[in-house]
Amino acid sequence: MEFEQSAVIITGGSKGIGLSIAKVFSELTNRPIVLIARSKTDLESAKSSCLEWGAKEVSTVSVDLTSEEEIQKIDFAKYNPGILVNNA
């Protein structure tokens with residue numbers, strides 16, 4: 001898969017600055033978006049917003065990024081990451 005088709009991974013992507021960044025990518029690109037945050041409820045709301053803003057594909061990962069154990073459980077390869085916005 002080419003870089004232009006790779007995913008945008010946004011930590012802290014369920015609200016605030018992270019959600020604003022997700023909005024820009026939703027509106028201006030066709031890249032898959034992966035939102036990472038702690039709250040499943042906030043993530044689902046953010047996912048719905050991204051789809052409304054034009055995102056074609058949005059995945060969510062509910063994880064505490066302060067926990068090394070939880071981070072190691074994420075299979076980043078399945079998302080084909082190309083851009084990482086480390087906002088958490």
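Colleague: What should I know about the ground rules here?

Modeller: The model is predicted, so local features need pLDDT of at least 70 and side-chain atom pairs count only at pLDDT 80 or more, while totals for chains, interfaces and linings use all residues. Residues are numbered from 1 along each chain as its sequence is written, and side-chain values use heavy atoms, leaving out hydrogens and water.

Colleague: What is the strand order in the sheet?

Modeller: Strands of a sheet pair through backbone hydrogen bonds, either parallel or antiparallel. Here you have an open sheet of four strands, ordered β3-β2-β1-β4, with parallel pairing. Strands are DSSP runs of E, at least two residues, and helices are runs of H or I, at least four, numbered from the N terminus; two strands pair if DSSP finds at least two bridges between them. β3 (58–62) and β4 (81–86) each have a single partner strand, so one side of each has no neighbour in the sheet.

Colleague: Which residue in β4 is the bridge partner of T11?

Modeller: That's N86. β1 (residues 7–11) and β4 pair over five bridges. β2 and β3 also pair over five bridges, and A37 has S62 as its bridge partner in β3.

Colleague: Where does helix α2 pack?

Modeller: α2 (residues 40–52) packs on the sheet, touching β2 (33–37) and β3; contact means heavy atoms within 4.5 Å. β2, α2 and β3 make a right-handed β-α-β unit: with the strands pointing away from the viewer, the path from the first strand over the helix to the second runs clockwise.

Colleague: Which residues line the largest pocket?

Modeller: A pocket is an open set of points on a 1 Å grid over the protein atoms alone, where a 1.4 Å probe fits, with protein on both sides within 12 Å along at least five of seven lines; lining residues have an atom within 4 Å of a point. Here the lining includes K15, A37, R38 and D42.

Technical notes
Axes are lines fitted to C-alpha atoms, for helices over the stretch in contact, and angles run from 0 to 180 degrees between N-to-C directions.
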